[in-house]
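Here is the note on the model that you asked me to look over.

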Amino acid sequence: MIKQALMGEFMHEMENTRKLLTAIPDSALEYRPQPHLWSVGQLAAHIAEVYNWYDVTFNQDTFDMSTYQYDKGDISKASNILAKFEENAAKAQAAIENSDESQYMNTWTMHIGGNPIMPPMPKVQVVRGFLYNHLYHHRGEMIAHLRASGHVVPSLYGPTYEMSQEMAQ
């Protein structure tokens, strides 16, 4: 039952991520609201990359970041980032579908060369926090970046401000 619930949320939120990434114009990719923040392109690439972490999270009890190969791909075009998202999201979906629910309470750790960077916790807690909530956090940042750069954002959880203004007329 836990797997079924995780899959339902994953499928719904994957579509919301797709809608958001599809809304990014190439002209916005270099925008960053402050010099120390990621650009829209970097943030979008990170969102797409998080989906690549599902397999190791669902199917291993340890994630060694020192051996992980980060592959953001070519982020010079929004369509490239969307393609990377589609590739990683398909792998993430397969990781959930093929996961063993009896392993969800296994203790999971993340480290870099033996040095912990996240405290040990049950795998299902990592799935909800490190994978799901992490994506929602960065999608919120993306929405703020797009709005700040004058771009329209898609509706994810009901009407956007602009849609509600049109409906009120």
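1. Basis. This is a predicted model, in which local features need pLDDT of at least 70 and side-chain atom pairs count only at pLDDT 80 or more, while totals for chains, interfaces and linings use all residues. Residues are numbered from 1 along each chain as its sequence is written, and side-chain values use heavy atoms, with hydrogens and water left out.

2. The sheet. Three strands form an open sheet in the order β1-β2-β3, with mixed pairing; strands (E, at least two residues) and helices (H or I, at least four residues) are DSSP runs numbered from the N terminus, and two strands pair if DSSP finds at least two bridges between them. The edges are β1 (62-64) and β3 (115-122), each of which pairs on one side only. Neighbouring strands are turned against each other by 10° on average, direction ignored, where axes are lines fitted to C-alpha atoms, for helices over the stretch in contact, and angles run from 0 to 180 degrees between N-to-C directions. Between β1 and β2 (residues 107-112) the pairing is parallel, over 3 bridges, and F63 has M110 as its bridge partner in β2. Helix α5 (residues 123-148) packs on this sheet and touches β1, β2 and β3, with its direction at about 115° to that of β3; contact here means heavy atoms within 4.5 Å.

3. The pair α1 and α4. Helix α1 (residues 2-22) packs against helix α4 (residues 78-97) at an angle of about 175°, their axes being 11 Å apart. That angle makes α1 roughly antiparallel to α4, a label used for angles over 145 degrees. On the α1 side the contact includes F10, M14 and L21, and on the α4 side it includes L82, F85 and I96. By class, the residues of this contact divide into 10 nonpolar, 3 polar and 4 charged, with Ala, Val, Leu, Ile, Met, Phe, Trp, Tyr, Cys and Pro counted as nonpolar, Asp, Glu, Lys and Arg as charged, and the others, Gly among them, as polar.

4. Not counting residues up to four places away in sequence, F130 touches W53, T57, F63, W108, M110, M118 and Q125.

5. L43. This residue of helix α2 (residues 40-50) counts as buried because its relative accessibility is 1%, buried meaning under 20% relative accessible area with a 1.4 Å probe and protein chains only. Although L43 and E141 are 98 residues apart along the chain, their C-alpha atoms are separated by 8.2 Å. Neighbours within four places in sequence aside, L43 is in contact with W38, H138, E141, M142 and H145.

6. N16, found in helix α1, is buried with a relative accessible area of 3%, and, leaving aside neighbours within four places in sequence, N16 is in contact with R139, L156 and Y157.

How values were computed:
Angles under 35 degrees count as roughly parallel, over 145 as roughly antiparallel, 65 to 115 as roughly perpendicular and the rest as oblique. Buried means under 20% relative accessible area, exposed over 50%, partly exposed in between (1.4 Å probe, protein chains only).
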